[in-house]
Amino acid sequence: MRTEGDNMIGLRRQNRAAVLLALQRHGGLSRKRLASMLHLTPAAMTKIAAELIGEGLIFEDGSVPSGSAGRREIVLRLNDQSISALGVSIGLGKASVSAVRADGTVLFFETVPLPIRAPAERTVQLLSDHLMKQIQRCKQSFGRLLGVGIAVRGVVGADGRTVKTSFDALDTEDFPICDSFEAQTGYPAVLSNNVRALLSAELYLSRSEKPESVFFLRCGSGIGAAFSDGDEIMEGDRRQCAEIGHIPVIRHGGKPCHCGKSGCLETIASPAAIQAEAQAILSESETPLLWKLTNGGSNAVTTARVLQAARGGDEGALRIADRAAQALSDALKSVVYLMDPGKIVLYGKIFEQPYFLSRLRTEMDVGVDTAHATPMEKSRFNLTLEEKAAGLLYINHFYQNGGMEE
Ligand SMILES: [Zn+2]
């Protein structure tokens, strides 16, 4: 139930947003079709379309037959090659700067190494310098450059513009990162947790092909997740929704985790944990195949090689990989029974490993009745969203704001 009143500006913004988002999702639509989809009067639809065409945000693109004999309707389409946004993503020990067009085209992408607990203000300066240099260097057209989307690991503050904690990526807590980037770059900024930004990009690029709700699991160096209900990405009261990697799974003697606890899911099921555990037991007797694959060198042990060895029947590697898949599936099964998501989407390099993916699928079926069988698939955009997610945060924000900058 709406609890806020709407003034005329609010209503205009809302109607413009509805039109822009419908065109983003469905591609070209006629005024008539849009009006009926969005419950707008023909007069209101005509006015909004004229405004958006005038501002260059949409354009008329040919015509399609209308229902009645011989008549045709003009199709409206987003002018999504004419606007773009900058992106900044900050992780543990590394960051990236990028720019993306509203149609998803990446204009530039550059990774920037950072120290652990990077000094916050200086990092913003450094990344802003990289952005400005890339803008000058970039040969492609930005069109109208709207703002900068910031994706940071950790927890976003209640104001939505502050990084409450970045779990050691930055050295400062409660850091007003949007203000800082706005001062350095001169562009308006929006902020999101990094995994929520990936899910937001997944939904944006999936257009109309998305189920009602998605549980998005990202296995990078750690394990993160985000949950969407319709177009809304859930945040939770403390903005920590779907911190699945930090569910405690080992009660005594678990390994320390970046979050400050020990025995979290991430400490046994993440790609980094799989690698570290295999390094710890690497020997000719315990992990014979992995030993061969790495010539006995602990530094040559990668998650991919551990899973390759597991696939070939290496007992030590199998034990580690199977425990990881089991622990991960146990956590996901809780999600299925609690949240009943339309789909689980898997994101990360580890899901390119056939052994791990099939093991996870098998584990997901254990103890689950058919009424709870939930589609689980690798993201269609696996390994490509990092380049787009931060910039698309701003584009999405712009459309949701009705294409108005203030
Ligand atoms: Zn943890």
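Student: In which helix is Ile-48 found?
Tutor: This is a predicted model, and its helices are numbered from the N terminus. The one that holds Ile-48 covers residues 42-54 and is helix 3.

Student: Is Ile-48 buried or exposed?
Tutor: A residue counts as buried when its relative accessible area is under 20%. Ile-48 has 7% relative accessibility, so Ile-48 is buried.

Student: Which residues are in contact with Ile-48, leaving aside its neighbours within four places in sequence?
Tutor: Contact requires heavy atoms within 4.5 Å. With the neighbours within four places in sequence set aside, the contacts of Ile-48 are Asn-15, Arg-16, Val-19 and Leu-40.

Student: What separates the C-alpha atoms of Ile-48 and Lys-378?
Tutor: Along the chain, these two residues are 330 residues apart.

Student: What is the place of Lys-261 in the chain?
Tutor: Strand 13 covers 232-233, and helix 7 covers 266-269. Lys-261 lies in the loop between strand 13 and helix 7.

Student: Is Lys-261 buried, partly exposed or exposed?
Tutor: Buried means under 20% relative accessible area and exposed means over 50%, with partly exposed in between. The value for Lys-261 is 37%, so Lys-261 is partly exposed.

Student: How many Å separate the C-alpha atoms of Lys-261 and Pro-248?
Tutor: Pro-248 is among the residues in contact with Lys-261, as are His-246, Lys-255 and Pro-256. Lys-261 and Pro-248 are 13 residues apart along the chain, and their C-alpha atoms are separated by 8.5 Å.

Student: Why does Ser-228 count as buried?
Tutor: Ser-228 is found in strand 12, residues 223-229. Residues up to four places away in sequence not counted, Ser-228 touches Leu-199, Leu-203, Glu-212, Ser-213, Val-214 and Ile-233. The limit for a buried residue is a relative accessible area under 20%. Ser-228 counts as buried because its relative accessible area is 0%.

Student: Which residues does Ser-180 touch, not counting residues up to four places away in sequence?
Tutor: Ser-180 is found in helix 5, which covers residues 177-185. Ser-180 is buried, with a relative accessible area of 8%. Beyond four places in sequence, Ser-180 touches Glu-121, Val-124 and Phe-175.

Student: How many residues of domain 2 are in contact with domain 1?
Tutor: The domain assignment gives 10-65 + 73-78 as domain 1 and 83-206 + 385-400 as domain 2. The C-alpha centres of domain 1 and domain 2 lie 30 Å apart. On the side of domain 1, 7 residues take part in the contact; on the side of domain 2, the count is 7.

Student: What radius of gyration does the protein chain have, and why does the value agree with a compact globule?
Tutor: The C-alpha atoms fill a box of roughly 75 × 55 × 45 Å along the principal axes. A compact globule with 406 residues would have a radius of gyration near 22 Å, so there is agreement with the protein chain's value of 24 Å.

Student: What percentage of the residues in the protein chain is buried?
Tutor: The protein chain has 13 helices and 15 strands. Of its contacts with a separation of 6 or more, 62% come from residues 24 or more positions apart. Among the 406 residues, the buried ones make up 49%.

Definitions and conventions
Residues are numbered from 1 along each chain as its sequence is written. This is a predicted model: local features need pLDDT of at least 70, side-chain atom pairs count only at pLDDT 80 or more; totals for chains, interfaces and linings use all residues. Side-chain values use heavy atoms; hydrogens and water are left out. Helices (H or I, at least four residues) and strands (E, at least two) are DSSP runs, numbered from the N terminus. The radius of gyration is taken over C-alpha atoms; the globule rule is 2.2 Å times the number of residues to the power 0.38. Buried means under 20% relative accessible area, exposed over 50%, partly exposed in between (1.4 Å probe, protein chains only). Domain bounds come from an automatic or database domain assignment.
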